[in-house]
Amino acid sequence: LDRWPEALGRLERWAAEGKLRHRETIVEGLENAPSALSLLFQGKSLGKLVVAI
């Protein structure tokens, strides 16, 4: 916790430089939500699983 300011400074710099990336799996449509849930439990999604409605 005492190094939090240092970590925050590095994270801010990396974000500004575009070095931080995230992954997400997007499933289109509410009708596909059940299959999206299945992906979650099967471990077939990357990063965040989003159902776009």
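Guide: The protein has 2 helices and 2 strands, counted as DSSP runs numbered from the N terminus (helices H or I, at least four residues; strands E, at least two). This is a predicted model, where local features need pLDDT of at least 70, side-chain atom pairs count only at pLDDT 80 or more, and totals for chains, interfaces and linings use all residues. Residues are numbered from 1 along each chain as its sequence is written, and side-chain values use heavy atoms, with hydrogens and water left out.

Visitor: In what order do the elements run from the N terminus?
Guide: They go α-β-α-β.

Visitor: And why is the protein more spread out than a compact globule?
Guide: Its radius of gyration is 16 Å, well over the 10 Å that the globule rule gives for 53 residues, so the protein is more spread out than a compact globule. That radius is taken over C-alpha atoms, and the rule is 2.2 Å times the number of residues to the power 0.38.

Visitor: What does the C-alpha trace span along its principal axes?
Guide: About 45 × 20 × 15 Å.

Visitor: How much of the protein is buried?
Guide: Buried residues are 9% of the 53, with buried meaning under 20% relative accessible area (1.4 Å probe, protein chains only).

Visitor: Switching topic: where is serine 45?
Guide: In the loop between helix 2 (33-42) and strand 2 (48-52).

Visitor: Buried or exposed there?
Guide: Serine 45 counts as buried, because its relative accessibility is 16%.

Visitor: What is serine 45 in contact with, leaving aside neighbours within four places in sequence?
Guide: Thr25, Leu39 and Leu40, where contact means heavy atoms within 4.5 Å.

Key:
Buried means under 20% relative accessible area, exposed over 50%, partly exposed in between (1.4 Å probe, protein chains only).
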